[in-house]
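Please look over the chain shown below before reading on.

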Amino acid sequence: MVATSMEQLASLSKRRGFIFQNADIYGGLQGVYDFGPLGIELKNNLKAAWWRSMVYERDDIEGLDAAILTNRKVLKYSGHEDTFSDPMVDCKKCKGRFRADHIDGKCPNCGSTDLTEPRPFNLMFKTHVGPVENEDNVAYLRPETAQAIFTQFKNVVDATSRKLPFGIAQIGKSFRNEITPRNFIFRVREFEQAELEYFVYPGTDEEWHEKWKEIRLQWWIDQGLKREHINIYKTPKEDLAHYAKACYDIEYQFPHGMEELEGIANRRDYDLGNHTKNQEEFNLEAHCHENKESNTKLCIQDENGKWVIPFVVEPSMGVGRGILAILTEAYNEEDLGDGNTRIVLKLKKHLAPIKVAIIPLKKNNEQIMNKCHELKQKLMKLGIGRVALENTGNIGKAYRRHDEIGTPLCLTVDFETIENQPESVTIRDRDTMEQIRVNTSDLADYLRNYFL
Ligand code: ATP
């Protein structure tokens, strides 16, 4: 079973501290969310899994962490200033504003048909750099992380002596002034993206596009999403963005419907072509904007010494959407058969915010508590992730709480632990609820084997 409504996820997220509405005490800021104590752990674990699979487990990808504030020229030549907008219609009656492609001639709010003609609405957040607010010092909050990868292409190539094919990976915040943020954290105004720009020789791009689709699909399955809840959508030629040669969307069955989780686009030489100096020297395939302001040729030498502008294949995912998909998939309400039910979050163990909860059978027993503290000190040094001392003192409540937040193992210190030799604890498995007794001298090996 999976979550069937966004309400289940939003409620669990707030109750247990995964995700909160931003500025909740002031009524919130629409389309902006904060990650709580467990949300930040889950997010860090998901980002680490992405980084590991991209940068550590391969030999052809470098990392980058670029700034959020963006020189206007970057977004002028990328095409965002002119085209990064959704056509909008306003309802003249209730003053609501909607994406033209989301409605069919009628206001979804009040039903009126008295609407304006569609007008472009720019999705970028604008700001000013320095003390004076004028047109000369406009900057933007980046609407995607990708542009800095393109503008730093030459610096990365020079610093690392990379040859094609190779990629640059980046995880970071992006900002879009979405007209209709909705569906919890699915569509928001401030979000994180994990993007790879993979540079290849023209002519090998289609093959790499197929390869990356398969790699990314498998990665999502490795994060716990079931194949039958994923759809690969191939954008029909007539719907492609003008720069793209082909695009796959990895879609997931969210509670509100089958929707995009990650896009994998073949962007040809559009981006490097747009930002390069001396465009005329290169036989650019994409239709690029004229650029007389760039001071660098964004090219690389092929094996014959010829300078080429590579094509790029871009797998781009939303970290928050990933978390929403993973929560949807992991959420289970289980009938325990004795008239009771439990909520259990069946997260993959590498994603679980807390790996091990140490639970005292009796909170007010000094010997038991001392043993719990001692174990915590020892186990947190194993490098398996967060080990938490659960101090509620009621074993039933503690198990329920850790089932709900997806803690794979609960370790209980009881009277046997402090009275009997060899010293042992119980370990309870989240999914099967089975308990085994493990000697404390074997604990480190047991947990290392389980988690690493
Ligand atoms: P959509 O069609 O849903 O607006 P998009 O095609 O504009 O998305 P891209 O520009 O391809 O999205 O961005 C890559 C990824 O970034 C998306 O697959 C999604 O996971 C994430 N993303 C984009 N916009 C948002 C948003 N407003 N809120 C959360 N995640 C987003």
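**Briefing on the predicted model**

Pro 422 has its place in the loop between α12 (415-419) and β23, where helices (H or I, at least four residues) and strands (E, at least two) are DSSP runs numbered from the N terminus. This is a predicted model, in which local features need pLDDT of at least 70 and side-chain atom pairs count only at pLDDT 80 or more, while totals for chains, interfaces and linings use all residues. Residues are numbered from 1 along each chain as its sequence is written.

**Cis peptide bonds**
- The peptide bond that leads from Gln 421 to Pro 422 is cis, with omega near -10 degrees.
- A cis peptide bond also joins Leu 164 and Pro 165, with omega at about -5 degrees, and Pro 165 lies in the loop between α6 (153-160) and β10 (166-175).

**Domains**
- The chain is divided into domain 1 (45-84 + 127-327), domain 2 (85-122) and domain 3 (354-451), with bounds that come from an automatic or database domain assignment.
- The C-alpha centres of domain 1 and domain 3 lie 43 Å apart.

**An open sheet**
- Five strands form an open sheet in the order β21-β20-β22-β23-β24, with mixed pairing, and two strands pair if DSSP finds at least two bridges between them.
- Because β21 (387-389) and β24 (435-439) stand at the edges with a single partner strand each, one side of each is left without a neighbour in the sheet.
- Strand β20 (residues 356-360) runs parallel to β21 and is joined to it by 3 bridges; Ala 357 has Ala 388 in β21 as its bridge partner.
- Helix α10 (residues 366-379) lies across β20, β21 and β22 (409-413), running at about 165 degrees to β20; contact requires C-beta atoms, placed from the backbone, within 7 Å, and axes are lines fitted to C-alpha atoms, for helices over the stretch in contact, with angles from 0 to 180 degrees between N-to-C directions.
- Helix α11 (residues 395-404) lies across β20, β22 and β23 (424-429), and runs at about 170 degrees to β20.

**The loop between β10 and β11**
- Asn 183, found in the loop between β10 and β11, has a phi near 60 degrees, a positive value in a residue other than glycine.
- Phe 184 lies in the loop between β10 and β11, and its phi is near 60 degrees, again positive in a residue other than glycine.
- Phe 184 is buried, with 21 other C-beta atoms within 10 Å, whereas Asn 183, with 17 C-beta neighbours inside 10 Å, counts as partly exposed; buried means 20 or more such atoms within 10 Å, exposed 12 or fewer, and partly exposed in between, with C-beta atoms placed from the backbone.

Conventions
Contact = placed C-beta atoms within 7 Å.
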